[in-house]
Amino acid sequence: MSSHIVSESLTESIEEETGLEEVIQLQDVGVRYRVASESVSTFKEYMIRRFQGEIKMRDFWALHEVNLNIFAGEMFGLIGPNGAGKSTLLKLVARVMRPTKGRVIVKGRVAPLIEFGAGFHPDLTGRENIFLNGALLGFTNEEMQEKFDRIVDFAELWDFIDVPLRNYSSGMSARLGFAVATDVEPDILIVDEILSVGDESFQRKSFERMTKFRDMGATIILVSHIMETITTLCHRAALIDQGHIQLIGEVDEVVESYRGSQNE
Amino acid sequence: MKDTNQTPIYDSARQGTAAWDELQAIIKYRYLIVQFVRRDILTRYKRSSLGVAWTMLNPLGTMLILTLVFSRAFGGSQEGYAAYVLSGLIAWNFFAQSTNAAMLHLVWGGSLLRKIYIPRTSFAVSALGTGLINLLLSLIPLVIVMLIIRVPIRWTIIFIPIPILFLAMFALGIGLLVSAMAMYYADVAEMYQIGLTAWMYLSPVIWSPEILPELYRSWIIRLNPMYYLIELFRMPIYYGEVPDLSLVLISAGIATFTLFVGWMYFTGRSDEFAYRV
């Protein structure tokens, strides 16, 4: 398995050269969904079919034998086709899911930029939703009070902040969600294809914020389908396909390989 | 950056007891519970014209109907049947609504668990919080009704937090149990709602224990945990008596046991929820 050999020696050499710590480690990680071959949603149906010996469960491995080490301060790219397992991997690091197999170790405070506006309720105002969303991210009331002005400034929503969210355009909700989620000072940032949200000026602001995080020394995992973003921002990257890591290495190398496989 | 002395480390292999971890997590996320309860109450208030008043009007309306129709059949020798029914209804509604909401929040809002990490018990605990607020609000019409029909309100009313605490513990335990089961089978939600209705009729909410024939009395009563909890609730308010120690101890035992079982069952399975939603 050449990918693992590359990974090991690269890991060792990075450690030797820089003495940097691994902040994210995935050791032989697997994520398995048990899917019934037919949809059985009711208890009654389940019992009947069970009785008839007809339930067949299929194992779907969203991730399989994943070994990955990410170092402090790195900007790490994660690329691969749709359904490859990228989001699942991010969710493992964000503690949303536990691995079925293997071990996940994460050192530091994690800010997930995975789903914006999670928990947004349409009947509540922008202001109320900011506090709700902040609570979901694990912040306390005091922390949210402190952050409130900055968040609304970034989202440029002062005129609408006391209006129910149902009256917001999708762009406005997205900006609000993004603003709440990125007003953080994390050690680790996980970013799932968010840079395509909003109009140009907002995208520019997002990009600036991302670079600011990187310059502050945060560790960042970035998932994107836009190769230019990956090559511009990232140092190293990993290619995932069908739940397996195909390649880990310097970003240009990995992107090349991915482009190559796409053109087959 | 945050000071490194406090760098949190997550290691999926090192799992303490899920139950204990979850308890610590829920305490850490207490502000989230406040926000959830706030959201429940605010959205209810915003949608209807009467809003918060419905919390009080609903049991009041049910009580009026039940009193008009049934006071002679079920009231037995109860004085102030209206207040008897209302006090029972308030306790019952608290239990039924909290457990039902816990289940529905998890089933419908569970997709949230797939997007962001929050303690799995958040939904059940916040459902309980909302239920508690509704319970406290509905004590107001109870007191008013008691004043109107001249059922004496005694100083013993200060004991009311005790039965409320036990009811809350019991409701949380049951809520965690049914919501965990509902994650696996969609029709648990339906079955539970039907079960709740049957359970209510088996509990001394609208009828008084003395109208039961001797034969059934011990069966229905002794085996039904809600009997003890509801009677304990009525003691300080409706009967105006200091709660009897054995009743308190039995209720405490029921509440603690149910909460323990529910919590253990739920936290034992909660890792799988993110896979199942």
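The model is predicted. Of the 264 residues of chain A, 50% count as buried.

**Fold of chain A**

- The secondary structure of chain A consists of nine helices and nine strands.
- Taking contacts in chain A between residues at least 6 apart in sequence, 70% join residues at least 24 apart.

**Extent of the interface with chain B**

- On the side of chain A, 50 residues are in contact with 36 residues of chain B.

**Polar and charged pairs across the interface**

- Seven residue pairs are in polar contact across the interface of chain A and chain B, with both residues of each pair at pLDDT 80 or more.
- The count of salt bridges between chain A and chain B is two.
- In a salt bridge between Arg103(A) and Asp11(B), the closest N and O atoms are 2.7 Å apart.

**Elements and residue classes on the side of chain A**

- Six elements of chain A give two or more residues to the side that touches chain B: the strands β1 (22–36) and β4 (101–107), and the helices α2 (43–51), α3 (86–93), α4 (126–136) and α5 (141–155).
- Strand β4(A) gives the most to this side of chain A, with six residues.
- By class, the side of chain A that touches chain B holds 24 nonpolar, twelve polar and 14 charged residues.

- Thr88(A) lies in helix α3 of chain A, one of the elements that give two or more residues to the side of chain A that touches chain B.
- Thr88(A) counts as buried because its relative accessible area is 12%, and the cut-off for buried is under 20%.
- Beyond its neighbours within four places in sequence, Thr88(A) is in contact with Val31(A), Ala62(A), Leu63(A) and Met97(A).

Note on methods:
Residues numbered from 1 in each chain as written. Chains lettered and ligands numbered in written order. Predicted model: local features only at pLDDT ≥ 70, side-chain atom pairs only at ≥ 80, totals over all residues. Heavy atoms only, no water. Helix = DSSP H or I, 4+ residues; strand = E, 2+ residues; numbered from the N terminus. Buried < 20%, exposed > 50% of the residue type's maximum accessible area, 1.4 Å probe, protein only. Contact = heavy atoms within 4.5 Å. Salt bridge = Lys/Arg side-chain N within 4 Å of Asp/Glu carboxyl O. Polar contact = N/O pair within 3.5 Å; in protein donor to acceptor, adjacent residues only side chain to side chain. Nonpolar A, V, L, I, M, F, W, Y, C, P; charged D, E, K, R; others polar.
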